[in-house]
Amino acid sequence: MDSSSSCPFCDQVVPSKELQRHANGHFEDEDNDDKQRQLARDFELAQKMAFSSTPYDNVNQETIKLEGSLDSSKLSCERGALVKEKLNVNEKISSLIGLQNRSGFYKVEGGLMSLLRNCLELESSDSTSIVSGYVDHYQSIEFEDLGWGCGWRNIQMLCSHLIMQRPEARKVLFGGSGVVPDILSLQRWLEIAWKKGFDVHGAEHFNYKIYGRKNWIGATECAALLRSFGLQARIVDFGPKECEELYLSVPGSSSGAQMVNLIDANKRKTAKVNGPMDRFLVSRNDGVPQTGSSGHEKSKYSRSVLENKSTQKAKGHQVLVDWVWNYFSDGRICTYSHQHVNVSGKTPLFFQHDGHSRTIVGIQVKQQRNGMQQYNLLILDPAHSTKGIEKSLRENNGWQKLIKRGTHTLNKPQYQLCYIDSGIAAGADLELLKKIDSLFLEL
């Protein structure tokens, strides 16, 4: 006989195999009579708690303190609503911690980054590489998330690093579970982040719903999700000067619904794309979408402006490469084996561009015979097979085509990066993280 368990929300006893489905139902809109009656009972309880002088578990008493000269009836409703709102979020978090699923992935024996460092060491000594210490590769899976899940996979890669390399991050991420959740669980966590007030405009774009959907997400959603745990997720925009005032990043230029993030706009396209890295590049014949997660106002710049920028020489995109080099080389650097491979204390980078996102795990510079320096970004692409990457690294054959990306491949007019600074925010500092902004650098 199947075992039974009690639902953490309603105490209803259900078969264990049905528990997750039943509990997940509490996240959905309450649109039937039974749920409406339950909502009324919850509200009544919240009102009683608001007037109770006895502290209640998991409820911040400051939440029920209201200022002003409201009459007792209105005060009762508002106090009850505030407490109920906090209870709802806390209940969802508590339930999700216990019910979230660890994401399945192909684990490379000895670690993928260790194999990459070995291969970089075997290259000529006229190169210098800096790489992240630990990253698991999460590939998109056919019939599961291929063609739309790259953003979630890059979040998983980032989190695999944070959980292994940063003890303070491990304590706060996903309820301190120490695991990287699957996409569906990450979607739940993002909805909770939105409910808490992180990235309001992005939340409005998705109507506060992402669970079970195949919407493309990008760097701003990554930042909102990680910021909701107190992590210092930062965004850097790279793009043409003509579009500077439309980015998230320019202080005082515009805000809220008046801003349009062009990368976010492009990533919302419904056109299906598939294949390795460069096959994700969107055709130049496509029009520029008019809305993004950061706003709903139409762009006043035509496609021709962006195309003119994108046809410039690769030297324009050297700005991005230089930023990545300075990022990984700043701070703590550990020499690995010989002198030309180093391990950075910095997190990998969520790397977003029109049509796809990947994870930058390091950078390499080679001194060429003509005296020029050649830079290669070291990238893990969710579109690639983990087994294929492992095989090429173990055999030291063909891995460069999968991982290295030179400056000449950066042919998009806009790029966006997300990285994680050290430290965990709390209190007023956490409130400041709710609004997503960024640094703008001209390409």
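**Exercise 1. Find which residues of H5 meet which residues of H9, and describe how the two helices cross.**

Step 1: Pick out the contacts. In this predicted model, Ile155, Leu158, Cys159 and Leu162 of H5 meet Cys222, Leu225 and Leu226 of H9.

Step 2: Sort them by type. The contact of H5 with H9 splits into seven nonpolar residues, with no polar and no charged ones.

Step 3: Turn to the axes. H5 covers residues 150-165 and H9 covers residues 219-227; their axes come within 11 Å and cross at roughly 35 degrees. As for the hand, the crossing of H5 and H9 is right-handed.

**Exercise 2. Work out which residues of strand E6 point one way and which the other, and whether they are buried or exposed.**

Step 1: Apply it to E6, residues 341-344. Val341 and Val343 go one way, Asn342 and Ser344 go the other way, and all of them are buried. Here that label takes under 20% relative accessible area.

Step 2: Look for the neighbour. E6 pairs with strand E3 (residues 127-132) in the parallel sense, over four bridges. Follow one of the residues across: Val343 in E6 is the bridge partner of Val131.

**Exercise 3. Sum up the protein chain: how many helices and strands are there, and what share of the residues is buried?**

Step 1: Count elements. You get 15 helices and twelve strands.

Step 2: Check burial. Of the 443 residues, 51% are buried.

Step 3: Check the surface. The chain exposes about 21,000 Å², with carbon and sulfur atoms supplying 48% of that.

Step 4: Check contact range. Take contacts between residues at least 6 apart in sequence: 72% of these join residues at least 24 apart.

How values were computed: Residues numbered from 1 in each chain as written. Predicted model: local features only at pLDDT ≥ 70, side-chain atom pairs only at ≥ 80, totals over all residues. Heavy atoms only, no water. Buried < 20%, exposed > 50% of the residue type's maximum accessible area, 1.4 Å probe, protein only. Contact = heavy atoms within 4.5 Å. Areas by Shrake-Rupley, 256 points an atom, 1.4 Å probe, with all protein chains shown as cover. Axes fitted to C-alpha atoms, helices over the stretch in contact; angles between N-to-C directions. Left-handed = near helix turned anticlockwise from the far one by under 90°. Nonpolar A, V, L, I, M, F, W, Y, C, P; charged D, E, K, R; others polar. Pairing = 2+ DSSP bridges.
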